[in-house]
Amino acid sequence: MSAAENPLQFAWLEVTGLCNEFCTHCYADSSPKSTHGTMTAEDWLRVISELADMGVPDVQFIGGEPTLHPDLPKFIQHAYGLGLSVEVFSNMTHIRDLLWETFVECDVRLATSYYSDSAEDHDAVTKLRGSHKRTRANIEKALALGVPIRGGVVAVRKEQRVFEATQDLLSLGVETVGGDRMRAFGRGSSGAAPTIADLCGHCAHKKCAILPTGDVAPCVLGRFLNIGNVKNAPLFEIWGGSRISEVLADIRAVLGDGAQSCTPPQFLPMCGPCGPCVPSVAHCDPREAQSAATIGAPA
């Protein structure tokens with residue numbers, strides 16, 4: 001499939017692997033022991049310019065925890081100045097004053113993960129004491145500043161108050177709340193090697209992820225399927241190269257046309273919650289939704 005047939009419309013920019021939390025299900029295996037990777041600030045600014053030149057309308061800064069990268073305000077300002085729509089996926093525990101100013105000035109949208117209305121329950125997932133208090137307070141601050149924010153509730157633990165987490169977000173004024181199950185990637189795989197069968201089948205379809213090493217992957221979960229590296233070649237060459245056709249063929253051979261629904265809304269900002277992606281359902285694939293057991297919903 002050529003770049004003309006598969007125009008790039010969205011990119012995850014994973015600017016760091018460093019995170020102040022240690023979530024048990026982290027697909028990127030991020031932690032306080034990780035680093036910002038080998039991509040320099042100049043590398044990221046160049047990649048953002050290349051995305052704009054390719055006509056890509058949307059980018060999402062992710063990590064790790066992207067707010068821990070000292071140059072995130074500069075990256076956002078550069079993207080915004082080039083006409084890109086920006087979303088930042090953050091755990092909302094570490095937001096400096098300069099970042100709040102940048103969010104407002106650059107029309108940034110935010111997204112966050114939220115695990116429970118109970119501080120003890122939420123912190124048990126993040127492994128960071130006080131994370132619930134800080135996340136909830138910063139969600140309130142974002143809403144007060146008029147910064148759009150959406151939430152994703154991932155079911156990680158059996159005893160987790162998933163339904164209550166959703167209701168808590170809605171009560172705060174968060175209008176878009178998605179739900180998902182734990183995925184078998186990173187720490188969520190419990191040591192198992194990732195496989196194409198674990199993906200939704202829509203990887204590399206008009207989207208890609210650029211990792212802290214410069215590696216280009218077909219999506220944030222498909223990081224084991226390397227397409228190229230932006231430190232070695234311009235992104236437009238990578239996106240139009242033979243390797244992406246090989247990856248697409250490999251995915252199609254296993255998953256066909258993929259799930260009817262794309263990646264869960266907590267990962268992809270242009271997707272709103274579809275029918276089965278409500279917080280009380282454990283699956284985002286409509287083909288599985290009819291038989292999916294609800295999680296956390298009251299009897």
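## Strand β5 and its neighbours

Strand β4 (residues 109-113) pairs with β5 in the parallel sense, with four bridges between them. One spot to look at in this predicted model is L110, whose bridge partner in β5 is I149.

β5 also has strand β6 (residues 176-181) to pair with: the two run parallel and are joined by six bridges. Here R150 has T176 in β6 as its bridge partner.

## How enclosed is β5?

Seven of the seven residues of β5 (residues 149-155) are buried, so the strand is largely enclosed by the rest of the structure. The cover is on both faces: I149, G151, V153 and A155 are buried on one side, and R150, G152 and V154 are buried on the other. That puts both I149, the partner of L110, and R150, the partner of T176, among the buried residues of β5.

## T93, a buried loop residue

Now for a loop. T93 sits between β3 (85-89) and α3 (97-105). Is T93 buried or exposed? With a relative accessibility of 8%, T93 falls under the 20% cut-off, so it counts as buried.

Leaving aside residues up to four places away in sequence, T93 touches N20, E21, S131, R134, T135 and N138.

Notes
Residues are numbered from 1 along each chain as its sequence is written. This is a predicted model: local features need pLDDT of at least 70, side-chain atom pairs count only at pLDDT 80 or more; totals for chains, interfaces and linings use all residues. Side-chain values use heavy atoms; hydrogens and water are left out. Buried means under 20% relative accessible area, exposed over 50%, partly exposed in between (1.4 Å probe, protein chains only). Contact means heavy atoms within 4.5 Å. Two strands pair if DSSP finds at least two bridges between them.
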